Amino acid sequence: MSKTPKISIKGLYKGFAGNPVLKGLDLDIMAGESVVVIGGSGTGKSVLVKCILGLMAPDAGEILIDGKNIAASAKSLRDEFMKKVGMLFQGGALFDSLSVWENVAFGLIRAHGMAKEAAREVAIEKLARVGLAEDVATLRPDELSGGMKKRVALARAIAANPEIIFFDEPTTGLDPIMADVINGLITECVKDLGATTLTITHDMSSVHKIADKAAMLHAGKIIWHGSRKELANTKNPFVRQFVAGSADGPIKMALAGGV
Amino acid sequence: MGFLATIGRYFIGALAEIGRVSRFSYEAVTHIVRPPLYYPLIGRQMLSIGYFSLPVVGLTAIFTGAALAQQIFVGTARFNAEATVAGIVVIAIVRELGPVLGGLMVAGRVSSAMAAEIGTMRVSEQIDALVTLSTNPYKYLIVPRLIAAVITLPLLVIVANIIGVFGGFLVGTQKLGFNAANYLQVTMDFLEASDIYSALVKAAVFGFIIALMGTYHGFHSRGGAAGVGAATTNAVVTAFILILLANLIITINVFGS
Ligand SMILES: Nc1ncnc2c1ncn2[C@@H]1O[C@H](COP(=O)(O)OP(=O)(O)OP(=O)(O)O)[C@@H](O)[C@H]1O
Ligand SMILES: [Mg+2]
């Protein structure tokens, strides 16, 4: 007997003006699981997450959350789904007209009706968890370094203790120690909060630390998926090349002006 | 053949754009009538649209009013009707120049700023982030700007009208030799309530146009900094043209008699 996956993606197609990106992608994510998606730059990993969130409309295919097709559901159901979701954008996407703590507290105040003072306290606690001191809270995003922005965005994504969290490259731009702290934090979210997470990363140490399952996106499809252990031992030449970080192999990177 | 095809393409493109703008404004208006409204955001927008536009609108009005008095004096002197200068100034300012020039100045300042701010939020995925934080971007970004502009523009235009008339008064009394009390008397005699309604209706419509063009172009901008730049330009240009077009339509059809 199989359980309904938390997120189920079936035959997802998405392209942009003659540039097909996702070409019939299938992926299941079970509740409480941490799934990592790896894949070359520009293969459509961010597009995949935006399709799941409904920020982009798929050209074809279905996305089921708890067995229900969200895009085809009533608005109230979509609103419910959004309240349970956290998203870390690749570029941070911090609101630059608001201070750091207002960014982190944004969802708490607007979506969960929390009072300003209480939300501020939660925000400061979440900032501490991503290694940011209280005096950062009143700064504006443009006064932060790249890595600090990433961590504020991370604090915002987990502020409301969401059930489902999407992390788009959570450790890119961080030093190795901070990257490890963030990996630990993501693991905690899954273990302590019981969240279901989908993480996109190029960082193999991240994969080893946080993944229950890994999936590789290549040429618009999930060409391989399996457990973390299987990832280390797979014979799949695409995955092996990616994991090893080698220029030689079946994946050819298109280089401008290259042969 | 190629020429006709080009015209056809432009025509169809324009129709499609009108369709998109209509859908956008329909969506925005449905959010105006459905709670919640974010009052603090409306207040902040009113401050930035209204209060911070006062200097530029005031300067425009006083210079225009002053120059107008001089020009009308020259014109009316040709048939010995100089006594009507104050009356023509007040009608020209209140019915036409106050709302139109005020609207254009605010459009230059505000439509561009709205398009740039919202456009930057679009290309840096801040609008997507709003959605993932369960906040409707129309309610949070568009509606406060529309409401604030529709309320604020009439207030600004009242100020512009008063300052414009005062500009005419200055030139009239200081340079053209009118008696101050007499000038004001003629002004009040000529001015009718319908002139003021006309100014207020126009201003509210222009306010809607200014905020609509700023937010629409910002909201639909794409393609990084260059895209935001293009959105900003388009916002100002379309706001200018629509203000002038709306002014003509309102003047002829609603307040033509
Ligand atoms: N809004 C958009 N309009 C047009 N094309 C887009 C848009 N978003 C993404 N694309 C295209 O889709 C493809 C995949 O983009 P995506 O951002 O998903 O890549 P990615 O796998 O996340 O890469 P990276 O690892 O570098 O972040 C790219 O070719 C990109 O040009
Ligand atoms: Mg990406």
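Predicted model: local features only at pLDDT ≥ 70, side-chain atom pairs only at ≥ 80, totals over all residues.
A residue is near a molecule or strand if one of its heavy atoms lies within 4 Å of it. Residues are numbered from 1 along each chain as its sequence is written, chains are lettered from A and ligands numbered from 1 in the order in which they are written, and side-chain values use heavy atoms, with hydrogens and water left out.

**Stop 1: ligand 1**

Select ligand 1 and the 15 residues around it; those that come nearest are Ser41(A), Gly42(A), Lys45(A), Ser46(A) and Gln90(A). Next, display the polar contacts (pairs of N or O atoms within 3.5 Å; within protein, one must be able to donate a hydrogen and the other to accept it, and residues adjacent in sequence count only if both atoms are side-chain atoms). A polar side-chain atom of Gln90(A) lies 2.7 Å from an oxygen atom of the ligand. A backbone N or O atom of Val47(A) is placed 2.9 Å from an oxygen atom of ligand 1, and an N or O atom in the side chain of Glu169(A) is 3.2 Å from a ligand oxygen atom. On its own, ligand 1 has 630 Å² of accessible area (Shrake-Rupley method, 1.4 Å probe; for residues, only the protein chains shown count as cover), and the protein covers 64% of it.

Now colour the shell by element; helices (H or I, at least four residues) and strands (E, at least two) are DSSP runs, numbered from the N terminus. By residue class, the shell holds 4 nonpolar, 9 polar and 2 charged residues. Here Ala, Val, Leu, Ile, Met, Phe, Trp, Tyr, Cys and Pro count as nonpolar, Asp, Glu, Lys and Arg as charged, and the others, Gly among them, as polar.

**Stop 2: the open sheet of chain A**

From β2(A), move to the open sheet of 4 strands, which runs in the order β2-β1-β4-β5 with antiparallel pairing. β2 and β5 (68-69) stand at the edges, each with a single partner strand, so one side of each is left without a neighbour in the sheet. Two strands pair if DSSP finds at least two bridges between them; β4 (residues 60-65) and β5(A) are antiparallel over 2 bridges. Select Ile65(A) to find Lys68(A) of β5(A) opposite.

**Stop 3: strand β7 of chain A**

Select β7 (residues 164-168), where 5 of 5 residues are buried (under 20% relative accessible area, with exposed over 50% and partly exposed in between; 1.4 Å probe, protein chains only). In a regular strand the side chains alternate between the two faces of the sheet. In β7(A), Ile164(A), Phe166(A) and Asp168(A) point one way, and Ile165(A) and Phe167(A) the other.

β7(A) pairs in the parallel sense with β6 (residues 85-88) over 4 bridges and with β8 (residues 196-200) over 5 bridges. For landmarks, take Leu88(A), whose bridge partner is Phe167(A), and Ile164(A), which stands opposite Thr196(A).

**Stop 4**

Strands β9 (residues 213-218) and β10 (residues 221-227) of chain A pair in the antiparallel sense over 6 bridges, with Leu217(A) bridged to Ile222(A). The hairpin has 2 residues between its strands, and Ala219(A) in the turn has a positive phi of about 50°.

Continue to Arg228(A) in helix α8 (residues 228-233), which is partly exposed at a relative accessible area of 33%. Its side chain has a polar atom 2.5 Å from the backbone oxygen of His208(A), and the side chain of Arg228(A) also reaches the backbone oxygen of Ala211(A) at 3.2 Å.

**Stop 5**

Finally, select α3 (residues 100-110) of chain A, in which 8 of 11 residues are buried, including Trp101(A) and Phe106(A). These buried residues pack against α4 (116-129) and α5 (146-158) of chain A together with α5 (126-132) and α6 (137-174) of chain B.

Across in chain B, select Thr135(B) in the loop between α5 and α6; Thr135(B) counts as buried at 3% relative accessibility. Beyond its neighbours within four places in sequence, Thr135(B) is in contact (heavy atoms within 4.5 Å) with Phe106(A), Arg110(A), Tyr38(B), Leu130(B) and Tyr140(B).
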